[in-house]
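Here is a short briefing to read alongside the model. Take a look at the structure first, and then we can walk through it together.

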Amino acid sequence: MGAAVAALMMAAPAARAADDLKLPRQKVELVAPPSVHAHEQATKAGPKIVEFKLTIREKEVVIDDAGTKFHAMTFDGSMPGPMMVVHEGDYMELTLVNPATNSMPHNIDLHSATGALGGGALTHVNPGEQVVLRWKATRPGVFVYHCAPEGMIPWHVVSGMHGTVMVLPRDGLKDAEGKALRYDKIFYIGENDLYVPKDANGKYKTYETVGESYADTTEVMRKLIPTHVVFNGRVGSLTGKNAMTAKVGETVMLVHSQANRDTRPHLIGGHGDYVWEAGKFNNPPQKDLETWFIRGGSAGAALYTFREPGIYAYVNHNLIEAVELGASAHIKVEGKWNDDLMKQVTPPGPIPLDKVGAADPVAVTR
Amino acid sequence: MLILIKIKTAMLAGALAAPILATVFAPAPPHDQDGAPRLSPTSFSYRAAGDFSQAGRPVEGPLRELRLPADLVIMKRQVTVAEYARCVDEAACPRIATAAGAQDAPVVGVSWHDASAYAAWVSRKTGITHRLPTDEEWTFAAAEKARDEAMPLVDPSDPAQAWIARYEAESARTRPAATAAQPGGTFGTNSNGLDDLAGNVWEWTNSCFVRVSLDGGSERITNTNCGVRVVEGAHRSYMTDFIRDPRSGGCAAGVPPANLGFRLVIEPSRSVATSAVRNVAKLLRRT
């Protein structure tokens, strides 16, 4: 942290209006995941006040290919809510809007913020209200934010009300030796465990309003077995036409956020070159990981430089959750194949007849 | 593995031998074809099913002009919930989970084994051989509803190119609007008078998955896996024979068959003996 920042911190009285900070202001337009709004990875500029606005949207969404409907509660309409990026020493000034069209009170607990239940105690807004919270980014890392209304915290969180804040070191990311690390692209994946009630015939139930789904959903939640585990709000949100893309030689930052439940991302066919498993950038990243563990209620980050083209699957490596419940994403990587890293030396063909396991000749003629 | 393959071969031989027994020992009752259209052979184009390779690289299966050797009698509609239920009631077909309601909707959630058990049961009941179609027969019967999903030509030295091309083609498939099986006739009638081809029910065929080498200008099957059968519908797919509820996910992309059902070919009784003889002759030649 620069000397100017330190001086400013010491000079700052405990309570002070944002206007008194006399810092430059920047307004950021948020974008939906897996994209992240444009940001500097390292900055020479001094601290500023970065303004964000999150509008809470309660809405019905479809969460799988069978068309299962789900009453979601969201920050800004997406599951997870958008990522908000600032630098260490910046102030985030967040306007939280709860439109009159919503049915419930909401708030926000930012794990990156210090005090008042992460801001939760100062941000209760009823439908038709808004609130402005300012907090100072003192610890670099990726952090979960989520809604935390008294008595209903888990329900709001598993209904979609969670997102991620990224606080970057002012001079950027570094490896254990202090060498600068940069990314060409960043993707932000939020994992949701969803608990959809079923009727007596085993079919998913639908409800007129989010409120009507509460009692049944809580009953499913209490058994701790999700009906869906998905990335970015639905099965297939990041596969097929929605697959993420990269090129051979590009370094990609993958931020993985899970507000409620443990998970274990794995890039099939690739690795984590540098992984901040607990997501906090003052700790040196681990190198060459195969799978990394994201504790429920935290976000982690991994850097990977693609070396081979093809389709990569990025999964929760509890493969039941990945394949049966939905926690899979794909990255389509273009570029030139490197035979040195991998080559199919002999394509699949019959086992020679004199070797163990050779097929009966009768079975291999049409 | 060797044992497994031998068992499969034996099962295949049994299935082929069955028609002779039916013909020789059981006098055939009147042939009720349930309005099943009889299709006279005409020339049709057919993309061979399976994995094909040339010089060790994957290539598309050859596109051929085929003509079936005889008339094809095939059910107008897919086998229904009610029809399958009768087989279950007689303990000849496995009980499967079916959606409540429409008895005349096609039965879905059936494996190749379930479908084959049904075919064997109907054959016993009627004395007339009913069986799943081959992929060639299905394609001929489906006519304009059969789709050829040939992949674009790509650089054969780069395995990722073909892989990405396939991924994109599979991702571009459209998903059926309704996933639940719809009442018979919902998806229209084709030029051969058959209903609901390439709707939201994919149909089992009897064709086994094959791996074929096209090296040296000839076609050589290097592996036959009858644990995986060709299923046909809005796109062709290969399905493990005990699967009832197909899905994609994990590393796979694209739209899996929404439902698995089937319709049967009815062997015209006069040709049963000849085809059976032909089949047995083929078997004898192999062993």
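Which domains does the domain assignment of chain A give? They are domain 1 (3–171) and domain 2 (189–334), with bounds from an automatic or database domain assignment. This is a predicted model, in which local features need pLDDT of at least 70, side-chain atom pairs count only at pLDDT 80 or more, and totals for chains, interfaces and linings use all residues. Residues are numbered from 1 along each chain as its sequence is written, while chains are lettered from A and ligands numbered from 1 in the order in which they are written.

**Confidence**
- The predictor gives the complex an ipTM of 0.82 and a pTM of 0.84.
- Chain B has a mean pLDDT (the predictor's confidence in each residue, from 0 to 100) of 81, and 77% of its residues reach 70 or more.

**Domains of chain A**
- The C-alpha centres of domain 1 and domain 2 of chain A lie 21 Å apart.
- Their contact (C-beta atoms, placed from the backbone, within 7 Å) takes 35 residues from domain 1 of chain A and 41 residues from domain 2 of chain A.

**Helix α5 of chain B**
- Helix α5(B) (residues 159–171) has 13 residues; helices are DSSP runs of H or I, at least four residues, numbered from the N terminus.
- Its buried residues (20 or more other C-beta atoms within 10 Å of their own C-beta, placed from the backbone) are B:P159, B:A160 and B:Y167.
- These residues cover an arc (of the directions from the helix axis to the C-beta atoms) of only 90°, which puts them on the same side of α5(B).

Technical notes: Helix = DSSP H or I, 4+ residues; strand = E, 2+ residues; numbered from the N terminus. Expected span 1.5 Å × (residues − 1). Buried ≥ 20, exposed ≤ 12 C-beta atoms within 10 Å, placed from the backbone. Contact = placed C-beta atoms within 7 Å.
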